[in-house]
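Please read the points below beside the sequence and the coordinates.

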Amino acid sequence: MDNFISTGSQTYAHKASRVLSDLNIKHRIVKHTDTKGCGYGVEIYDFPPSKAVEILSNAGVKILEEGKIT
Amino acid sequence: MIYLDNAACTYPKPKEVYERLKQAFFIYGANPGRSCHAMAVKTDGAVFDVREKLCKMFGLSRAENVVFTPNTTYALNVALNALAKENTDIVTSVMEHNSVLRPLYKLQKERNCNIRFFTPDFEDKNKTVQSFENALGENCSCVVLTVCSNVNGYRFPIREIGEICKKRGVAFVVDGAQGAGYFDINMQKDNIDILCIPGHKGLFGICASGSLLISDSFEKKMSPIVYGGSGIMSKRHDMPDFLPEMLEAGTLATLPVITMGEGIDYINRHGIDRLYYNACSSAEICRQGLGNITGVNVYSCFGSMVVFNVQNIQCDTAAAMLSDSGFALRSGLHCAPLAHKLLGSYEQGSIRASFGCFNTPKDAHALVRAVSRIKNLKI
């Protein structure tokens, strides 16, 4: 799942979703249970996840690097 | 019925709010922020929409700093619990609701906080600001103030007071219960650090929705007062350490929140100033009409509120008689005992008619006639 970006919370996942939708980047909100317990994030399609992380960070979305599943 | 208890809860709501509520029952039936199936994500998305709307309406920059609470009281408790430091002063006014006063009395007892009250001057804004400055000593950790009195509608000069707080580096918490949705409140321009608001009053939501809006610089100063499920980070013993989930333990009141969002849309479509003007202009007719009746005492009141007593009739009795005539009013101390002390109605209480944007001058005239009738009745 290298296209998963963990935002940690449902609220940040929705914030991320709004940003990605505005840029027409295909994605969906998902929930993932990782080392921290449950967490939300977005799965990105047809777009480089690293670039998406940069966009989302600049937009004020909290990204939990630790939660990123590689 | 002529409903004149809008300061307690607006009624009726715009028809769009009822329609949205009916629709929301069916399409947003899941628990937001818990599961990730389609309906849960859709429901959480609807909740997020309302965070964004509140953010925009009150000049906050980040949607995640909008925390949903069951009501304003809860929001004020969270804010004061986080900001009031031990052995410091907290400055507030004598016009506050018990939603402010009781948490402060608790902090006085448990943290040895010293409550310093200031008294507004209803006629002179500068004197109110001066009175506030006189109360603000060197040891103040927090100022908490209502934007508008729930008893007599007096509006505090929030911007000026916020500016002083900012200069002095004192936290400024605002109780927006009687202001949110009635007139413009902008956290940045008004120098507000934390704003506590209800959904069921000026924003036209149904009961059980409120919000705590936190400025960026205060995000790290917050701490929860209730602990429980957050839908995330389930292995932690603590609540998540970021907003809004840190302060949103347990399931959110989805439908009240969504109706609040629809209410905001209604206000934006019709204009906040126009809606408030409707309420205030009817109230002014009522104030003048009641003021012309011998034996009716109209207290100093402003905006959409009319506060009065009928000579020789206890306020609850008079309100009950008026209820029998089809008027919905509130009698008593309105949870703001010190405000009544200032107005001179502490012992007997008073009757409050609080007008809303759907009231008309006809309603005001009808109340004046009804009061005139009961005044002449023998009890």
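Helices (H or I, at least four residues) and strands (E, at least two) are DSSP runs, numbered from the N terminus. This is a predicted model, in which local features need pLDDT of at least 70 and side-chain atom pairs count only at pLDDT 80 or more, while totals for chains, interfaces and linings use all residues. Residues are numbered from 1 along each chain as its sequence is written, chains are lettered from A and ligands numbered from 1 in the order in which they are written, and side-chain values use heavy atoms, with hydrogens and water left out.

1. Sheet of chain A. An open, antiparallel sheet is formed by three strands in the order S1-S3-S2 of chain A, where two strands pair if DSSP finds at least two bridges between them. Strand S1 (4–8) and strand S2 (27–34) of chain A are the edge strands, each pairing on one side only. Neighbouring strands of this sheet are turned against each other by 35 degrees on average, direction ignored; axes here are lines fitted to C-alpha atoms, for helices over the stretch in contact, and angles run from 0 to 180 degrees between N-to-C directions.

2. Pairing and packing in chain A. Eight bridges join S2(A) to strand S3 (residues 37–44) of chain A in the antiparallel sense, and A:Thr33 stands opposite A:Cys38 in S3(A). Helix H1 (residues 10–22) of chain A packs on the sheet and touches S1, S2 and S3 of chain A, with a direction that makes about 5 degrees with that of S3(A); contact means heavy atoms within 4.5 Å.

3. Sheet of chain B. Seven strands of chain B form an open sheet of mixed pairing, in the order S2-S8-S7-S6-S5-S3-S4. Strand S2 (66–69) and strand S4 (114–118) of chain B each have a single partner strand, so one side of each is left without a neighbour in the sheet. The twist from one strand to the next averages 20 degrees. Within this sheet, strand S6 (residues 171–175) and strand S7 (residues 194–198) of chain B pair in the parallel sense over three bridges, with B:Asp175 opposite B:Cys196 in S7(B).

4. Helices on the sheet of chain B. Helix H4 (residues 98–111) of chain B packs on the sheet, where it touches strand S3 (89–93), S4, strand S5 (140–146) and S6 of chain B, and its direction makes about 145 degrees with that of S4(B). Helix H6 (residues 158–168) of chain B lies across S4, S5 and S6 of chain B and runs at about 155 degrees to S6(B).

5. Contact between the chains. The contact takes 21 residues from chain A and 23 residues from chain B. The area buried between them is about 1800 Å², of which carbon and sulfur atoms give 54%; buried area is the accessible area (1.4 Å probe) that two parts lose on being put together, summed over both. Three salt bridges are counted between chain B and chain A, a salt bridge being a side-chain nitrogen of Lys or Arg within 4 Å of a carboxyl oxygen of Asp or Glu. One salt bridge joins the side chains of A:Arg18 and B:Glu52 (3.7 Å, N to O).

6. Salt bridges overall. Over all chains, a search of the whole structure finds 20 salt bridges. In one of them B:Lys53 is joined to B:Asp265, with the closest N and O atoms 2.9 Å apart. This pair links distant parts of the chain, 212 residues apart, with B:Lys53 in helix H2 (residues 38–57) and B:Asp265 in helix H7 (residues 254–270) of chain B.

7. Backbone details to check. Most residues other than glycine have a negative phi, and most peptide bonds are trans. A:Asn24, although not a glycine, has a positive phi of about 55 degrees, and its place is in the loop between H1 and S2 of chain A. The peptide bond from B:Tyr11 to B:Pro12 is cis, with omega near -5 degrees, and B:Pro12 is in the loop between strand S1 (2–3) and helix H1 (15–27) of chain B. Another cis peptide bond joins B:Leu243 and B:Pro244, with omega about 0 degrees.
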